[in-house]
Amino acid sequence: MLLEVLNFAGIAVFAASGATLGVRKDFDIWGIITVGVLTGVGGGVIRDVLLGINPPASIDGWGPVVTATAASVVVFFFHPAFTALHRSILVLDAFGMGLFAATGAGIAIDVGASPFAATTVGLLTAVGGGVLRDVISNEIPLLLQPSDLYAVPAVLGAAVVAVGATYTSAPGWVWLVVGSVLATGLRLASLRFALRLPTARR
């Protein structure tokens, strides 16, 4: 139940980040909803394809798409409440990334994946929707920007879930919460303190 709740929370938050970017780009309501839905369910579709879940659970039922659509519509009508749109996108994206990294790894473990495979699936689930959002909005994906940590928090959050759920006796929901908080916290810390990986010398 917690896995499903966190998954829907991740869809809503990621969709809100996509819709907020659509607002900043002056898209109409259809464009905003489209970007929001693709951002919200894109990572889940990638996850399900990799795990052989066919058809992908993210588009097999009405729940995920309706959740993403509802979040996008809320942003469309209430976006003035976001005082700094760019900052809001980054914060929402951090929460979505953390939730998807943990749930992606958790679902992979549930279907019998190894810890390494589950970590990889968690990473791709976390970054997939954001990459789709940025590409279709003509933005450099956050995954590739050198300014802040992005993939590293996702990998660590997914790894905590995968390793903890496989090699310890603690309930799976504990690792889902820990992984989500760790990934989100590291991402927010990197935004706050400008943490970054080294780049090549010119």
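Predicted model: local features only at pLDDT ≥ 70, side-chain atom pairs only at ≥ 80, totals over all residues.
## A tour from helix H4 to the cores

Select Gly63, Pro64, Ala68, Ala71, Ser72 and Val75, which are the buried residues of H4. Look down the axis of H4: these buried residues fall within an arc of 165°, so they line one face of the helix. To see what covers them, show H1, H2 and helix H3 (57–60), which are among the covering elements. For the length of H4, pick its end C-alpha atoms: they are 24 Å apart, which agrees with the 24 Å that 17 residues should span at 1.5 Å a residue.

Next, go to the largest nonpolar core, a set of 19 residues. Select Met97, Ala126 and Tyr150, the residues with the most contacts inside this core. Helices that give two or more residues to the core include H1 (2–24), H4 (62–78) and H8 (172–193). H5 supplies the largest share, four residues.

Stay on Ala126 and show its surroundings. Which residues is Ala126 in contact with, leaving aside neighbours within four places in sequence? They are Phe14, Met97, Phe100, Ala101, Tyr150 and Ala154. Apart from this core lies another, of 15 residues; Leu51, Ala102, Val121 and Ala162 are among them.

Finish with helix H7, residues 151–167. Its buried residues are Pro153, Ala154, Gly157, Ala158, Val161, Ala162 and Gly164. From first C-alpha to last, H7 reaches 24 Å, close to the 24 Å expected at 1.5 Å a residue.

How values were computed. Residues numbered from 1 in each chain as written. Heavy atoms only, no water. Core = buried A, V, L, I, M, F, W, Y, C linked by side-chain atoms within 4.5 Å. Buried < 20%, exposed > 50% of the residue type's maximum accessible area, 1.4 Å probe, protein only. Contact = heavy atoms within 4.5 Å. Expected span 1.5 Å × (residues − 1). Arc of directions from axis to C-beta.
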